[in-house]
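This briefing concerns the protein shown below. It covers the overall fold, a helix pair, selected residues and the annotation on record.

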Amino acid sequence: MRFLDPETLISTFGVLGILTLVFAESGVLLGFFLPGDSLLFTAGLLASQHTVLRLPLWQLCLLITAAAVAGDQVGYATGRRLGPPLFRRRDRRLFRQENLRRAREFSRRYGPQALVLARFVPVVRTFTPIVAGTLHMRYRTFTIFNVVGGALWGSGVTVLGYLLGQVPLVRGHIELILVAIVVVSTVPIVVPWLRRHRSRGAATRS
């Protein structure tokens with residue numbers, strides 16, 4: 001899973017890479033597997049070291065928030081344009097109806113607030129703006145909650161990483177922290193895959 005290693009992604013592609021991945025995970029249908037939370041946390045952590053990332057924290061947060069908001073706007077437009085046919089589409093390697101159903105249930109349970117809450121739930125955050133567009137949520141309402149959610153998530157997680165990067169214990173064990181981040185970032189991908197693999201195995205045995 002080296003290509004999902006946040007430190008590698010940031011070291012290779014810099015700020016542009018961060019913004020591209022945040023945009024893709026926020027609203028591009030196939031971006032659900034990207035390590036959003038760990039990417040932002042690592043960005044803040046590295047920004048505190050002033051080595052790989054030399055951009056001021058406020059600029060980094062502003063750019064990340066803008067990319068997150070723009071990604072959700074695209075997701076909303078995708079839902080409005082494609083609509084119900086998405087829910088009839090067959091499962092593919094990188095597309096599963098289960099992800100859409102989870103996002104739809106999340107949206108119906110929390111209403112517009114789901115756009116804020118979903119930002120902190122991997123996979124669901126990618127599909128929630130698409131569901132909002134499919135359900136024809138008022139554009140003004142969507143935009144307001146999108147901006148709030150994008151700011152809280154994009155800036156909040158990045159600032160958390162930055163602040164923890166100032167802690168001597170964290171700064172002294174940054175390699176271990178980054179390894180842990182890689183492990184955490186792969187969990188939302190590996191766990192569903194293991195469940196599907198186990199289900200197929202059980203079905204075959206029966």
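Two residues are in contact when heavy atoms of theirs lie within 4.5 Å. In that sense, and leaving aside neighbours within four places in sequence, Ser48 is in contact with Tyr162, Gly165 and Gln166. The model is predicted. The protein comprises ten helices and zero strands, and 45% of its 206 residues count as buried.

**Overall organisation**

- From the N terminus on, the elements run α-α-α-α-α-α-α-α-α-α.
- Among contacts between residues at least 6 apart in sequence, 77% join residues at least 24 apart.

**Annotated spans**

- An unreviewed UniProt entry lists residues 12-35, 55-79, 144-164 and 176-194 under "transmembrane region".
- In the model, residues 55-79 are 92% helix and 0% strand, and the end C-alpha atoms of this span lie 34 Å apart.
- Residues 144-164 are 100% helix and 0% strand, with 30 Å between the end C-alpha atoms.

**Packing of H1 and H7**

- Helix H1 (residues 6-27) packs with helix H7 (residues 124-134) at an angle of about 60°, and their axes are 5 Å apart.
- The two helices, H1 and H7, are therefore oblique to each other.
- The H1 side of the contact consists of Glu25, Ser26 and Gly27, which meet Arg125, Thr126, Pro129 and Ile130 in H7.
- By class, the residues of the contact of H1 with H7 divide into two nonpolar, three polar and two charged.

**Ser48**

- Ser48 is found in helix H2, which spans residues 36-49.
- Ser48 counts as buried because its relative accessibility is 9%, while the cut-off for a buried residue is under 20%.
- The Ser48 side chain reaches the backbone oxygen of Leu45 at 2.5 Å.
- A polar contact of 3.0 Å also joins the side chain of Ser48 to the side chain of Gln49.

**Tyr76**

- Tyr76 belongs to helix H3 (residues 57-82).
- With a relative accessible area of 4%, Tyr76 is buried.
- Beyond its neighbours within four places in sequence, Tyr76 is in contact with Pro129, Ile130, Ala132, Gly133, Met137, Arg138, Tyr139 and Phe142.
- Pro129 and Ile130, among these contacts of Tyr76, are also H7 residues that take part in the meeting with H1.
- The side chain of Tyr76 reaches the backbone oxygen of Met137 at 2.4 Å, and it makes a polar contact of 2.9 Å with the side chain of Arg80.
- Tyr76 and Tyr139 are 63 residues apart in sequence, and their C-alpha atoms are 8.7 Å apart in space.

**Loop residues with positive phi**

- His50 has a phi near 55°, a positive value in a residue other than glycine.
- The loop between H2 and H3 holds His50, and His50 is partly exposed, with a relative accessible area of 47%.
- His136 likewise is not a glycine, yet its phi is positive at about 55°.
- His136 is located in the loop between H7 and helix H8 (139-164).

Technical notes
Residues are numbered from 1 along each chain as its sequence is written. This is a predicted model: local features need pLDDT of at least 70, side-chain atom pairs count only at pLDDT 80 or more; totals for chains, interfaces and linings use all residues. Side-chain values use heavy atoms; hydrogens and water are left out. Helices (H or I, at least four residues) and strands (E, at least two) are DSSP runs, numbered from the N terminus. Buried means under 20% relative accessible area, exposed over 50%, partly exposed in between (1.4 Å probe, protein chains only). A polar contact is a pair of N or O atoms within 3.5 Å; within protein, one must be able to donate a hydrogen and the other to accept it, and residues adjacent in sequence count only if both atoms are side-chain atoms. UniProt positions are given in the numbering used here, feature names are shortened, and annotations may be inferred rather than shown by experiment. Axes are lines fitted to C-alpha atoms, for helices over the stretch in contact, and angles run from 0 to 180 degrees between N-to-C directions. Angles under 35 degrees count as roughly parallel, over 145 as roughly antiparallel, 65 to 115 as roughly perpendicular and the rest as oblique. Ala, Val, Leu, Ile, Met, Phe, Trp, Tyr, Cys and Pro count as nonpolar, Asp, Glu, Lys and Arg as charged, and the others, Gly among them, as polar.
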